[in-house]
Amino acid sequence: MSARTDEELLVAYRNGEASAFPELVERYQTDLSQFLTRFLGSRASADDVFQDAFLQVHLSAESFDASRRFKPWLYTIAANKARDFHRRQKRRAAVSLSTPVGATDGRETSLVDLISDGEATVDAGLLETEQQTLVKEVVDSLPAHYREILLLSYFQRLSYNQIADSLQIPLGTVKSRLHAAVAHFSDSWRSAVSRHQRASDQNPSTNP
Amino acid sequence: MSHAEDERSDPSTPQRISRLSEADKAACDRLLEDGLAPDAAPRNEREAALLNLLEVIDRYPDGEPRSDLVASTLARIDDEEAKRQRDWTVSPDVAEKARLIRLPDSFAIAAALLLAVSIGVPLYNQLDSRQEIASSQMRQQAIGQAIAGFASDNGDALPIDLDLFGSDGAPTPANTPAGHLNPVHHPWSSHLGVLVSEERIPEGMLYTKIEAQANGERGQRSLVAYRVPFQISAHRFAGTYKPGSFLLGDCNPVIEAIRQNGQPCDSGVGANNHGRTRLVVINFRLETSILRSPWLENDSSSTEDNIWVAHDYAHDAATETLTPEDHHDTVLAH
């Protein structure tokens, strides 16, 4: 592979260097696939959306502003395609993206403090496969807009500014949505682990 | 789709809302704001707890990517390109026929153009009006989301800028006399300015620049009206108002008329930006509606409520009666 940047590869591609595009696709094969699998909860769906995203990159290559970073642009496209996929599949109502942050309407509010909740983040004696099943259950059950921002921030290591660019939301919303996503994830993970432990205690024969 | 999936994405499903403590929010921002460094080392116990939690995501069982993913992606792009090429190719026969336009064809084309204009102009106006409605809906949806985010970060409080009360004697939020909130004299939607300063929305979403004023200064015009509280201390996102009650709307035509001419207009009309025939509003559930009239059924007292003015508003009684009478009296002002 060449040492050229992503941006240089895309510019080379739109200038007619056909071999630059496969190199770009290969670079993101693992990262984007994993992001989409976590976002969509299924490898097959992730593969479809991966192809849609790169098709869009190909179609929009002319409009790419080479002074900006390629990665946030790609993830903007991929996240949009993933949301479209959700809508097409009617797996989640489109309104989930407009769910009010903190619209409690009398619902119970819990204040998460990560230090005091920290014991729930260790493996809690779970087998590797049990951990994986629980993690999938918890990540898949997060509302789409929380899952998306958590993955972009932690998994893709995008900065708040890049996330704001990718999702086309203001910086303040990135912060409040990410805080809410971390709190929600922490709460769900703790609940899932204690639920699993309770089940194991009631049925000890399933534990080694 | 499983029922469980339905439930988790339904915003009306009762659920517990989790919030990070302020210390955790700060730790989160320190670690993630500039992008998580690959070799990020926690500086304290709190950051370690956060990283510990997030590392859980690494255990997600996503397996190895499909070995032919790159090849199939490139093949798909080739297919799409080939299809596009086919769609854009004009066969030689068709191109030849296109050159043979005769005089009768010209009359037919002129007639068709005339017909298109006679249908097109009203259609264009209709589309323009729909675009205005869509624009109001999108604006209110974005501001509504930002208000919800603000409330989430501020213990459910709705945006209020106390500095804006300075000239009225700076009432305290705990017990603000309703008289200070008369929106006729108060730039009520300016309280949303905090959403701009906190970068939750761009300024252009709240205001539009207007050309030179009578005094020669350039100014700005509000684009949205905001719920006027009966009491500031109870101006909260949840608890005070009914979820279906209105949070934002188009600019209030009664207030616009008073500010421009010193006289109110008919309070039964729609918003000025929709030709006074419609208005767009958004409720506390962040659902937008297009109304033909500002009159609403008021559940609590079986009377009607006009959202441009207060319950006790009397058209002849001049301009001092736009202050809400209680928490259920909807008044949207800018």
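User: What makes helix α8 (residues 160–167) of chain A count as mostly covered?

Analyst: In α8(A), 6 of the 8 residues are buried. Buried means under 20% relative accessible area, while exposed means over 50% and partly exposed is in between (1.4 Å probe, protein chains only). The buried ones are A:Tyr160, A:Gln162, A:Ile163, A:Ala164, A:Ser166 and A:Leu167. One thing to keep in mind: this is a predicted model, where local features need pLDDT of at least 70 and side-chain atom pairs count only at pLDDT 80 or more, while totals for chains, interfaces and linings use all residues. Residues are numbered from 1 along each chain as its sequence is written, chains are lettered from A and ligands numbered from 1 in the order in which they are written, and side-chain values use heavy atoms, with hydrogens and water left out.

User: And which residue follows α8(A)?

Analyst: That's A:Gln168, which has a positive phi near 55 degrees.

User: What does the rest of chain A look like in helices and strands?

Analyst: Chain A has 9 helices and 1 strand, in the order α-α-α-α-β-α-α-α-α-α. Helices (H or I, at least four residues) and strands (E, at least two) are DSSP runs, numbered from the N terminus. Of the 208 residues in chain A, 60% are buried.

User: Why is the pair A:Phe35 and A:Phe39 called tilted?

Analyst: There are 12 aromatic pairs over all chains. In this one the ring centres are 5.9 Å apart and the planes stand at 45 degrees. Rings of Phe, Tyr and Trp (its six-membered ring) pair if their centres lie within 6.5 Å; planes under 30 degrees apart count as stacked, over 60 as edge-to-face and the rest as tilted.

User: Then why is B:Phe237 with B:Phe284 called edge-to-face?

Analyst: Their planes are at 65 degrees, with the centres 5.9 Å apart, so the pair passes the angle cut-off for edge-to-face. This pair links distant parts of the chain, 47 residues apart: B:Phe237 is in the loop between β4 (225–227) and β5 (246–249) of chain B, and B:Phe284 is in the loop between β6 (279–283) and β7 (288–291) of chain B. B:Phe237 is buried at 1%, and B:Phe284 is buried at 2%.

User: Which residues do α1(A) and α2(A) use to meet?

Analyst: A:Asp6, A:Leu9, A:Leu10, A:Ala12 and A:Tyr13 in α1(A) meet A:Ala20, A:Phe21, A:Glu23, A:Leu24, A:Arg27 and A:Tyr28 in α2(A). Contact here means heavy atoms within 4.5 Å. These residues divide into 8 nonpolar, no polar and 3 charged. Ala, Val, Leu, Ile, Met, Phe, Trp, Tyr, Cys and Pro count as nonpolar, Asp, Glu, Lys and Arg as charged, and the others, Gly among them, as polar.

User: How do you know that A:Ala46 is buried?

Analyst: Its relative accessibility is 0%, so it falls under the cut-off for buried. A:Ala46 lies in helix α3 (residues 43–60) of chain A. Leaving aside neighbours within four places in sequence, A:Ala46 touches A:Ser33, A:Leu36, A:Thr37 and A:Leu40.

User: How many helices and strands does chain B have, and what share of it is buried?

Analyst: Chain B has 8 helices and 10 strands, and 40% of its 334 residues are buried.
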